[in-house]
Structure formats: structure tokens, C-alpha cells
Amino acid sequence: MNCTACSTGQLAPCFLEPGLRAHECNHCGGHWLYVEDVVQWKAGGGKLGELDQMPEVEETASALTCPVTGRLMQKYRIVSGSSHKLDYSPHTGGLWLDKGEWSLLKEYALAGSVGNIVTEHWQRKIRTEDAKASLEAVYRRKFGEANYRKLAEIRNWLADQENCAEMRAFLLARDPYSGR
Ligand SMILES: [Zn+2]
């Protein structure tokens, strides 16, 4: 099988983990693996090896074609706050991982459940987290770091109080001692 990522190498059978079959490109070092193989490997008691050192992770920005069908693959983001994406071939259930991305998945504790990433549910979760993170950044900028932290702390503390509604009213009232 020819590598569609670098267009130079060949995809040769390999093991990503003991017992987990995949293909590795002998030129760019990327991997081709099937979600189904990961599921079966895990069901069969497959265990992820230790991640000793985080390698440099590469990223193919351009659209890739599936090495099996030649059709365009779809890109799926891995986690919020990271630009890394997996390329997925929905027709074959195959995944393309750029060099180092398997280790990245292990780092995020997602390697064993990599099939979850290529679901609408996961992608929606990433978008929600992104939106939350960007709002948080807006607050930090607006209030200043120290004030933001203090406010967030008070907010969390307040939410835990039994008479939280009254406390909030107390905080927001122009003059809580006027009795009006
Ligand atoms: Zn390659």
C-alpha cells in the first residue's frame, strides 16, 4: 500500500502496541490503523505500553486521501486547545496518524478509545470546550488575572452555599442594609 500522506513511502505491517496491528510508512513514519482493530485488541485484553518520551508530533495540514479507497478522508480534532487532527476514512474505518500522533493519543489517554474521537458527540464536546475557553480568556482580559481568579473562587463558593440566592441578592443589592 502506498502512503498517501508523503506520497513516497510504503505502508508496511507493524505493531503499534503488542498485539495491535497497524501499518507504518517507511518514509514519513505515519501510521494507518483500523478503529475496529483497536476495539478488538482492547476487548482481547490489549494493554498500552508505557509512554517513555513524547516524540515530536507532526501534522499534515492538507486533505489526505484514503490509502485504500483513494477517497478524501475527514479531519477530526483530538482535543480542545490543540490543533492536532486525525484523518479518518469513513468508508473503511481506517485512521491516518501522522508521525508521533499515536504517542500523543496515549498522552491524552485516548489511544485505547480512539474511535470515540471520530464521532459527532466528541467533536461537539470539543467545540463546547473551545467556546468556554475563549469566554474565560475574555473574562481574564477584562477583569485582570488576579480579579478573575478571586471572582471565580467566590462564584464557586457561592454556588455551594445553602442560601446562595439570598447571598447573591446581598452581593448585588445597592444597599443591602436599607431594608427596602
Ligand atoms: Zn508516508
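Me: Before we start, what makes two residues count as a contact here?

Reply: Two residues are in contact if their C-beta atoms, placed from the backbone, lie within 7 Å. In this predicted model, 48% of the contacts between residues at least 6 apart in sequence join residues at least 24 apart.

Me: Nice. What makes the angle between α3 and α4 oblique?

Reply: Helix α3 (residues 120-143) and helix α4 (residues 145-159) pack at an angle of about 120°, with axes 6 Å apart. Roughly perpendicular covers 65 to 115 degrees and roughly antiparallel starts over 145, so α3 is oblique to α4. The crossing is right-handed.

Me: Which residues meet where those helices pack?

Reply: From α3 come Y139, R140 and F143, and they meet E145, N147, Y148 and L151 of α4.

Me: How do you know how the protein chain compares with a compact globule?

Reply: Set the two values side by side: a compact globule of 180 residues would have a radius of gyration near 16 Å, but the protein chain has 23 Å. Its C-alpha atoms fill a box of roughly 80 × 35 × 30 Å along the principal axes.

Me: And which residues touch the most other members of the largest nonpolar core?

Reply: Those are L33, L95, W96 and V114, out of 25 residues in that core. Elements giving two or more residues to this core include β1 (11-17), β3 (31-34) and α1 (35-43). Leaving out residues up to four places away in sequence, L33 touches L16, A22, V38, G94 and L95.

Terms used. Residues are numbered from 1 along each chain as its sequence is written. This is a predicted model: local features need pLDDT of at least 70, side-chain atom pairs count only at pLDDT 80 or more; totals for chains, interfaces and linings use all residues. A nonpolar core is a set of buried Ala, Val, Leu, Ile, Met, Phe, Trp, Tyr and Cys residues joined through C-beta atoms within 7 Å. A residue is buried if 20 or more other C-beta atoms lie within 10 Å of its own, exposed if 12 or fewer, and partly exposed in between; C-beta atoms are placed from the backbone. Helices (H or I, at least four residues) and strands (E, at least two) are DSSP runs, numbered from the N terminus. The radius of gyration is taken over C-alpha atoms; the globule rule is 2.2 Å times the number of residues to the power 0.38. Axes are lines fitted to C-alpha atoms, for helices over the stretch in contact, and angles run from 0 to 180 degrees between N-to-C directions. Angles under 35 degrees count as roughly parallel, over 145 as roughly antiparallel, 65 to 115 as roughly perpendicular and the rest as oblique. A crossing is left-handed if the near helix is turned anticlockwise from the far one by less than a right angle, and right-handed if clockwise.
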